[in-house]
Amino acid sequence: MSKLRYIIKRLLIAIPTFLGITMLVYLLASMTPSSPLEIMFNDPMATMEQMEQMEKAMGLDQPVYIQYLRWLKGLLTGNLGYSYRTSQPVMSMVLERIGPTLLLTGTAMLITFLIALPLGIMAAYKPYSKWDYVSSGISFVGVALPNFFAALVLIYLFNVKLKIFPSSGMYDSSGTRSFGMLMHHLVLPAVVLAIQYIGSLIRQCRGSMMEVLQSDYVRTARAKGLLEPPVLVGHALRNAWIPLISWFGMQLPALIGGAVVTEQIFGWPGLGSLMVQSINARDYPTIMGITVVIAVVVLIGNLIVDLLYNLLDPRIRY
């Protein structure tokens, strides 16, 4: 029952948090210098009367709080509205883009764990050794290297010079779509996105493992004659997962929101690139639709992360 009460409490707390996020985003979007009408209605022959009629039809003539309440009412009925830029339902646009974003960020996260965890574990197991120096060097480069610079370097090497991987889109321009072609286009953006994650995860894993390796139960396991691999994996890594899970929870906004810079450079049709297009067009309904998806997933994801703490460490109580 304590777990159920905890879940209900967190969900109730998430409601004002969600409302605060949507209010802030709507207010910031409405404070931009130009309005959607200036971008949509770019006919030089348009009269002031036509502009006013369009503004009234879109409800932009009302105060910001009235516009927000009208949008919130539509959200409660499952209607995210229609895009000012494309006139398509916002829900369908967001659902169409969320798949590519999850594919890109999920692949990048898989690459991150496959590379960062072994390097972080070995750096903690053999501190101040060659392993540690190499891991620390990779970590510093990954954290400090901007995404756009890493993307330009990889495009120059593997697309311009070696002509191994494509530099944009999910598929070729031939119109043919296959799984192999998708994976071929996925390599460069996923690697670029993983670089920044690898750097931070190596540091987090090294710090957590070094703290756990000094614990009494690890020394006891070694004193019993256990081999090092079972000690590292079964005892140390198992108890070092909580900080790593916390790190993953902090990456959730980027995971669902998409890497804006990476998607823009590689022409990846995800939520990040859609957000940039919507901001440039002052497309308020689409901006709010993306915000809703990101906020809901992050709030639920953080709740799941908190529940995982108890599974990883039964001493934790709600």
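Axes here are lines fitted to C-alpha atoms, for helices over the stretch in contact, and angles between N-to-C directions run from 0 to 180 degrees. The model is predicted. In it, helix H11 (residues 241-250) packs with helix H15 (residues 284-312) at an angle of about 175 degrees, and their axes are 10 Å apart. Angles over 145 degrees count as roughly antiparallel, so H11 is roughly antiparallel to H15.

From H11, the contact uses Trp 241, Ile 242, Ile 245, Ser 246 and Gly 249; from H15 it uses Asn 302, Val 305, Leu 308, Tyr 309 and Leu 312. Seven of the residues in this contact are nonpolar, three are polar and none is charged.

The count of aromatic pairs comes to seven.

| Pair | Centre to centre | Angle between planes | Class |
|---|---|---|---|
| Phe 113 and Trp 247 | 6.2 Å | 85 degrees | edge-to-face |
| Tyr 197 and Trp 247 | 6.4 Å | 90 degrees | edge-to-face |

Phe 113 lies in helix H5 (residues 90-125) and Trp 247 in helix H11, so this pair ties together parts that are 134 residues apart in sequence. The pair of Tyr 197, in helix H8 (residues 179-213), with Trp 247 in helix H11 also links distant parts of the chain, 50 residues apart.

Trp 247 counts as buried, at 5% relative accessibility. Tyr 197 is buried as well, at 3% relative accessibility, whereas Phe 113, at 21%, counts as partly exposed.

Elsewhere, ring pairs link Tyr 26, Tyr 68 and Trp 71 into a cluster.

Conventions:
Residues are numbered from 1 along each chain as its sequence is written. This is a predicted model: local features need pLDDT of at least 70, side-chain atom pairs count only at pLDDT 80 or more; totals for chains, interfaces and linings use all residues. Side-chain values use heavy atoms; hydrogens and water are left out. Helices (H or I, at least four residues) and strands (E, at least two) are DSSP runs, numbered from the N terminus. Angles under 35 degrees count as roughly parallel, over 145 as roughly antiparallel, 65 to 115 as roughly perpendicular and the rest as oblique. Contact means heavy atoms within 4.5 Å. Ala, Val, Leu, Ile, Met, Phe, Trp, Tyr, Cys and Pro count as nonpolar, Asp, Glu, Lys and Arg as charged, and the others, Gly among them, as polar. Rings of Phe, Tyr and Trp (its six-membered ring) pair if their centres lie within 6.5 Å; planes under 30 degrees apart count as stacked, over 60 as edge-to-face and the rest as tilted. Buried means under 20% relative accessible area, exposed over 50%, partly exposed in between (1.4 Å probe, protein chains only).
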